[in-house]
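Hi,

Here is the structure I said I would pass on to you. Have a look at it first, and then read my notes below.

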Amino acid sequence: MRKVKLIRVVTIALMAVVIAACGKVMITGRKQLLLYSQGDISNLSNQAYSEIMSQSKLSANKANAQMVKRVGEDLTSAVESYLAKNGWQKEAEGFDWKFEVIESDQVNAFCLPNGNIVFYEGIMKITNTPDLVAVVMGHEIAHALAKHGNERMSQEVMMGLAGQAISAFIGTEDQKKQLVFQVAFGLGSQLGVLLPYSRKHEYEADRLGLIIMAMAGYDINVAPAFWEKMSAGGGSKSDFFSTHPSDEKRIAEIKRILPEAAKYIPPKN
Ligand SMILES: [Zn+2]
């Protein structure tokens with residue numbers, strides 16, 4: 001009897017935590033579980049970013065670096081002002097947007113959950129126009145704003161995947177958080193290559209990424225051809241496209257979203 005009661009108390013307590021930790025993804029309104037604060041997410045991302053950057057060299061190609069910065073700034077300022085005007089302003093808080101290009105032949109780009117975005121020189125051969133940079137940039141910004149990193153860490157803890165490692169681990173709370181972060185992103189195994197997101201997160205990042213592109217006035221119609229080119233083998237061996245498999249279904253979904261995204265294009269005056 002006592003055990004049953006205890007289980008009930010624990011269940012109710014756990015439910016309270018889960019209810020308190022429920023968030024909503026901007027624009028899509030999808031409910032999500034977020035067990036970590038944006039402060040935790042920032043600290044952990046900052047550590048990872050310094051580690052990656054300490055072992056990388058910034059690109060010497062000034063034109064590429066400027067293009068990536070300009071597109072990043074255009075997209076983030078457009079989405080931030082949309083969120084502020086539409087009651088989602090809290091969703092834009094706590095990010096530290098950075099847009100860098102590093103010297104590496106890897107065809108890759110990533111965004112840490114604090115908004116630190118890095119393109120590799122290798123991907124710049126493909127994303128060689130501002131619109132094409134914006135396809136990848138919009139997708140990466142969407143992962144950050146939709147808090148996919150926090151959600152992934154939270155799911156991992158709830159499913160007990162990281163739980164066993166954590167409970168066996170003797171360390172401070174901060175060290176435990178760091179461990180969950182590393183498990184969630186696969187950091188430490190291969191520098192700067194983050195584990196792929198789930199299909200659900202990928203599709204949501206595609207949809208929100210196109211919407212963000214449209215808000216900033218970039219040409220969303222280049223997106224299907226970009227992903228098609230990648231699925232045709234253009235980048236099939238790359239790191240970015242191994243974590244972003246672009247099959248027919250994904251491309252069809254991107255095409256389906258275009259009219260919805262087009263509604264966010266600001267009117268010309
Ligand atoms: Zn992605």
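One definition before we start: angles under 35 degrees count as roughly parallel, over 145 as roughly antiparallel, 65 to 115 as roughly perpendicular and the rest as oblique. The angles run from 0 to 180 degrees between N-to-C directions, and the axes are lines fitted to C-alpha atoms, for helices over the stretch in contact.

Keep in mind that this is a predicted model: local features need pLDDT of at least 70, side-chain atom pairs count only at pLDDT 80 or more, and totals for chains, interfaces and linings use all residues. Residue numbers start from 1 along each chain as its sequence is written.

**Overall**

The chain has 12 helices and 5 strands. Both are DSSP runs numbered from the N terminus (helices are H or I with at least four residues, strands are E with at least two). Of the 269 residues, 37% count as buried. Buried is 20 or more other C-beta atoms within 10 Å of a residue's own, exposed is 12 or fewer, and partly exposed is in between, with C-beta atoms placed from the backbone. Two residues are in contact if those C-beta atoms lie within 7 Å. Among contacts with a separation of 6 or more, 69% are between residues 24 or more positions apart.

**Two helix pairs**

How do H5 and H9 pack? Helix H5 (residues 130-145) and helix H9 (residues 199-215) meet at an angle of about 120°, and their axes are 7 Å apart. H5 and H9 are therefore oblique to each other. On the H5 side, the residues in the contact include Ala134, Gly138 and Ile141, while H9 brings Ala205, Gly209 and Ile212, among others. By class, this contact of H5 with H9 has 9 nonpolar, 5 polar and 1 charged residues. For those classes, Ala, Val, Leu, Ile, Met, Phe, Trp, Tyr, Cys and Pro count as nonpolar, Asp, Glu, Lys and Arg as charged, and the others, Gly among them, as polar.

H9 also packs with helix H12 (residues 248-262): their axes cross at roughly 35° and come within 9 Å. This crossing is right-handed as well. Here the contact of H9 with H12 has 9 nonpolar, no polar and 3 charged residues.

**The core**

A nonpolar core is a set of buried Ala, Val, Leu, Ile, Met, Phe, Trp, Tyr and Cys residues joined through C-beta atoms within 7 Å. The largest one here has 65 residues, and Leu75, Ile141, Ile212 and Met213 touch the most other members. H5 gives this core its largest share, 10 residues. Leaving aside neighbours within four places in sequence, Ile141 is in contact with Leu75, Thr76, Val79, Cys111, Gly209 and Ile212.

**Some single residues**

Val118 is in strand E5 (residues 116-120). Why does Val118 count as buried? Because 23 other C-beta atoms lie within 10 Å of Val118. Val118 and Val68 are 50 residues apart in sequence, yet 9.1 Å apart in space, C-alpha to C-alpha.

Ile27 has a phi near 65°, a positive value in a residue other than glycine. Ile27 is in the loop between strand E1 (22-24) and strand E2 (31-33). Lys147, in the loop between H5 and helix H6 (148-158), also has a positive phi, near 55°. Lys147 is buried, with 23 other C-beta atoms within 10 Å.

Cheers

Notes: A crossing is left-handed if the near helix is turned anticlockwise from the far one by less than a right angle, and right-handed if clockwise.
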